[in-house]
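Please open the model in your viewer and keep the selection panel at hand.

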Amino acid sequence: MISQVIFSLVLIAAILLFIKNVRVISRNINLGKDLQRNDQPVKRWKTMLLVAIGQSKMVKRPFAGILHIFVYVGFVIINIEVLEILIDGVTGSHRVLSFLGPLYTFLITSFECLAVGVLVSCAIFLIRRNFKMVKRFWNREITTWPRTDANIILITEILLMCAFLTLDASDTLIGRSMGDSAAGFPVSNMLTGMLSGASLPTLMVVERFCWWFHIVGILAFLNYIPYSKHFHILLAFPNVYYSNLNPKGEFTNLASVTREIKLMLDPNAAASAPPVDPNAVPERFGAKDVFDLSWKQLMDAYSCTECGRCTSSCPANQTGKLLSPRKIMMDTRDRLEEVGKNIDKNGKFIDDSKSLLNNYILPEELWACTSCNACVQECPVDIDPLSIIVDMRRYLVMEQSAAPQELALMLNNIENNGAPWQFPASDRLNWAATI
């Protein structure tokens, strides 16, 4: 009974803490500006099924993609077994679902096979990250903490799978020592040799230790991921569902600018235009801080897996320029976390004299972007770093007039001459006179 009470308290505390952390992240995401992404629901569901559930973008790099599928499918399906552990922990039963008979044996055997796949895949990922020195895992933005975070998750998954398999192996030997010759499952049976010389009390200690380690480890993992890049385990699905369905090269227009242009081209349109509130706070052009980004862009930041596929495909990064799309997303998340802590401390946001632009992301990074959409195309969870880059460029140009000299010259020519060239429209065909 004491064990059941302790387990129930641990379970309730873990669930409440997870809900608290998720609510903080939800609050942070909702600091962003409103954005309508509820159109074309059928296409959105199809995209989510293909990209988030089907892992269609992951397998474009087959080796890492297939290993990730093992981890993804294995870890999700194995956690179905957690339901049984939860019931056992609360009620004090033991393998409460074993009444399913052959079906139960099939399920646990499947879980064990997947556990081996998860264990091997995570071990390979650890080697790739720490010894093979894959370039995208060692960019300048992947500092000590991002590397440690990835290793913590991989090691945790390995330990959880080892605990699961050892739990089944010790339980098998306990069952046999009590006269159940049919006890056991094919995969864990191969591990019983390591424990064959142990006494019954020792086996019971091992079984209980692995049981508690496995379930408490999963609950701890659940509450760690909101602080980790691995929150994409949960956010990948809504993030892909709400992804931008427009053609990759299509840019959005600022509503206020579009309205002014329409009024310039058609003065009569002023009569039908909605009235402007004279007391309204002027809208900022572009984005300087996280408050100027949309909720979807902020969700993108929390959904980033830090895999680096975007950066490894970025032509600007490949030529040695400062831009890294992954860093754009990581910086956005770091700034958003800083703003969230500011709100938690003060009850509301108090100006800290910082902003996403300049304090986290430099103009040099933004202007290195070629707007090619390679980062958007490569992202396995449909994150759009380009939209943040473009919005911050808009702020530099339209609020600060801080465009590079070449771009400023082109913009002036378009304004004055109707073309990017530095001569009037009347002279455009002068070249033809030389033919």
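**A helix pair**

Select α3 and α6, which are oblique to each other, oblique being the class left over when angles under 35 degrees count as roughly parallel, over 145 as roughly antiparallel and 65 to 115 as roughly perpendicular. Helix α3 covers residues 62-78 and helix α6 residues 144-177, and the two pack at an angle of about 50° with their axes 12 Å apart. Helices here are DSSP runs (H or I, at least four residues), numbered from the N terminus, and axes are lines fitted to C-alpha atoms over the stretch in contact, with angles from 0 to 180 degrees between N-to-C directions.

Next, show the side chains of Val 71, Phe 75 and Ile 78 on α3 together with Glu 157, Leu 160 and Met 161 on α6, which make the contact (heavy atoms within 4.5 Å).

This is a predicted model, in which local features need pLDDT of at least 70 and side-chain atom pairs count only at pLDDT 80 or more, while totals for chains, interfaces and linings use all residues. Residues are numbered from 1 along each chain as its sequence is written, and side-chain values use heavy atoms, with hydrogens and water left out.

**The cysteines**

How many disulfides does a search of the whole structure find? The search finds 0, a disulfide being a pair of cysteine sulfur atoms within 2.5 Å. Select Cys 304, which is in no disulfide, and then Cys 310, whose sulfur is the nearest cysteine sulfur at 6.2 Å. Cys 304 counts as buried at 6% relative accessibility (buried means under 20% relative accessible area, exposed over 50%, partly exposed in between, with a 1.4 Å probe and protein chains only).

Finally, move to Cys 379, whose sulfur is 6.3 Å from the closest cysteine sulfur, in Cys 307, and therefore too far for a bond. Cys 379 also counts as buried, at 10% relative accessibility.
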